[in-house]
Amino acid sequence: MQVHQILRSKPKQSIITVKPGTSIADAARLLAERRIGAVVVSEDGKTPMGILSERDIVRDLGRRGSGCLVDTVDALMTRNLISCEPTDSADSVLEKMTAGRFRHMPVMEGAEMTGIISIGDVVAARMSELAMEKDALEGMIMGN
């Protein structure tokens, strides 16, 4: 299964981004309202500058306390993004996420972000693929 197939199976949503300079408190509020685990930091909504996850916020809260909530997302975001392309396989995306210990990855076509994929999206797609393979094998065994 490829990334573009996983994106097609997701509910149609725009990519949730925040501009640099947005407060951590506002980003946390957005994550909670949208029930998402990460937000891309982008000036134009298409070119990612970084990504900020719930995990990033919780770690900083644990280190510094609630004072970090007035800081801006660009101070806390992960800048060295690892991305994927629509033609990448689900397995390669899982490998990158597991090796890098992160859960969200921008999908890029050239210099433009066209989606974001989570480890949950990839796992769900892979499980669906395995269920179809299982059904096909059972059908072959049973002579259907």
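These legends describe close-up views of a predicted model.

Figure 1. The protein has 6 helices and 5 strands. Taken along the principal axes, the box filled by the C-alpha atoms is roughly 65 × 35 × 25 Å.

**Figure 2. The second largest pocket and the residues at its centre.** The space in this pocket amounts to about 410 Å³. Its lining is made of 18 residues, and those that lie nearest the centre are S53, D56, R101, F102 and R103. Sorted by class, the lining of the second largest pocket holds 6 nonpolar, 6 polar and 6 charged residues.

**Figure 3. Elements that line the second largest pocket.** Two or more residues of the lining come from each of β3 (48-53), α3 (54-64) and β4 (104-109). Of the elements, α3 gives the most, with 4 residues.

**Figure 4. The crossing of helices α5 and α6.** Two packed helices are described by the angle between their axes and the distance between the axes. Helix α5 covers residues 90-100 and helix α6 covers residues 119-142. Their axes come within 10 Å and cross at roughly 140°. Angles over 145 degrees would count as roughly antiparallel, and 65 to 115 as roughly perpendicular; α5 and α6 are therefore oblique to each other. The crossing of the two helices is left-handed.

**Figure 5. Residues in the contact of α5 with α6.** On the α5 side, the contact is made by A90, D91, V93, L94 and M97. On the α6 side, I119, V122, V123 and R126 take part. By class, the contact has 7 nonpolar residues, no polar residues and 2 charged residues.

Note on methods:
Residues are numbered from 1 along each chain as its sequence is written. This is a predicted model: local features need pLDDT of at least 70, side-chain atom pairs count only at pLDDT 80 or more; totals for chains, interfaces and linings use all residues. Side-chain values use heavy atoms; hydrogens and water are left out. On a 1 Å grid over the protein atoms alone, a cavity is a set of points where a 1.4 Å probe fits but cannot get out, and a pocket is an open set with protein on both sides within 12 Å along at least five of seven lines; lining residues have an atom within 4 Å of a point. Grid points are joined across faces, edges and corners, and a volume is the space filled by probe spheres set on the points. Ala, Val, Leu, Ile, Met, Phe, Trp, Tyr, Cys and Pro count as nonpolar, Asp, Glu, Lys and Arg as charged, and the others, Gly among them, as polar. Axes are lines fitted to C-alpha atoms, for helices over the stretch in contact, and angles run from 0 to 180 degrees between N-to-C directions. Angles under 35 degrees count as roughly parallel, over 145 as roughly antiparallel, 65 to 115 as roughly perpendicular and the rest as oblique. A crossing is left-handed if the near helix is turned anticlockwise from the far one by less than a right angle, and right-handed if clockwise. Contact means heavy atoms within 4.5 Å.
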